[in-house]
Amino acid sequence: MDSSTRAAVRALWPVWGVGLAVLLSLVAEVAVIALGAGTVPGGFWVGYLSSVAILLGFGYFLRWVPDSGLSVARYPRLNRWLLAGTAGFLLINVGFMATLSTESDFQLFSWVRWAVSFGGGVGLTIGVFEARAIEREVRAERDRMRQTELRRERDRLEEFASVVSHDLRNPLNVARGRVDLAAAERPDDEHLEVVASALDRMGEIVEETLALAREGKSVDEVEEVAIDECARRCWSRVETADATLRVTGPVTVRADPDRLSHVFENLFRNAVEHGGRDVTVRVGELDGATGFFVEDDGPGIPDDRVERVRETGFSTAEDGTGFGLSIVERIVDAHGWTLRIDEADDGGARFEVVGVSRPS
């Protein structure tokens, strides 16, 4: 028995307590009948077998509840429903016992045992349905709060990124203009080349920061987009050196075409940056799932970095900004899709986008 099961058994002591009482009663009754100390009343075995079934249900419940996803905070309500069902149904039957004649004390005992087991089973069943309903409401409310907080965070990030990019563009343009003038006068000055490269990198970071903030917004309007055509257009807009693109089969999805283009552009840049100038990139439809993939035949992603590559700012390339995959994941999330990172058959990196909407 693992720790979660032990904790559930301890917290739900009324369940196994009532179950143990019913079990002992069942054993005692069989012993009495076997010894001939009691007469079997009419309908006894129907009630007996129903109590056995309910007892098995108690056992199944105690094994099921630790892995059911129910919060431990729901356990006290389950206990109360069990005890309320047991007490309520027992009181009802006590009323019947007082008005109806019984053949023997043995019949009275078995009647009490049946009322306890049946009432407890009904109460516990009601408690489980209520607990699951409460859990659904709690999860839905948490999701609503999380989505609201995410929207606020993204709005603040976009506002911040817009201000920063606006305030940085002007001094960057001034600095770049001065560097160009100085380079025209001293074309062989290597220090000016380093400054120009640094300014270009700063400009890329500003643009990608703004893109990262904007791409996280939920997608409200979608249209049918041909994956093969979109991938080829994006390939032509990216500096791909001697790399090769292979698109397998036409696939049409429902997406925001501009943001989907950013997904392909960033994944293509990532493949060339990390896979090499002569890398081969494949794009196609997933087998057995609704979605598409982008993979390359480069060195791939080490196992200890698979999750880190999702982090904003993390990059193994010397001139990488670390924003590319973050932007991809934001766009994928905004569509309600899921991004999976895996290893391609030939050892390269493979990015799968699943849960994609297809035209009806």
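## Salt bridges and cysteines in a predicted model

Arg 139 forms a salt bridge with Glu 135, their closest N and O atoms being 3.9 Å apart, where a salt bridge is a side-chain nitrogen of Lys or Arg within 4 Å of a carboxyl oxygen of Asp or Glu. This is a predicted model, in which local features need pLDDT of at least 70 and side-chain atom pairs count only at pLDDT 80 or more, while totals for chains, interfaces and linings use all residues. Residues are numbered from 1 along each chain as its sequence is written, and side-chain values use heavy atoms, with hydrogens and water left out.

**Salt bridges**

- The structure holds 15 salt bridges.
- Arg 139 and Glu 135 are four residues apart in helix 5 (residues 105–185), and so are separated by about one helical turn; helices (H or I, at least four residues) and strands (E, at least two) are DSSP runs, numbered from the N terminus.
- Glu 135 is buried at 6% relative accessible area, whereas Arg 139 is partly exposed at 39%; buried means under 20%, exposed over 50%, and partly exposed in between (1.4 Å probe, protein chains only).
- Arg 358 forms a salt bridge with Glu 285, with the closest N and O atoms 2.9 Å apart.
- Because Arg 358 lies in the segment after strand 7 (349–354) and Glu 285 in strand 4 (residues 280–285), this pair ties together parts that are 73 residues apart in sequence.

**Cysteines**

- A search of the whole structure finds zero disulfides, a disulfide being a pair of cysteine sulfur atoms within 2.5 Å.
- Cys 230 is in no disulfide, and the nearest cysteine sulfur, that of Cys 234, is 4.1 Å away.
- Cys 230 is buried at 1% relative accessibility, and Cys 234 is buried at 0%.
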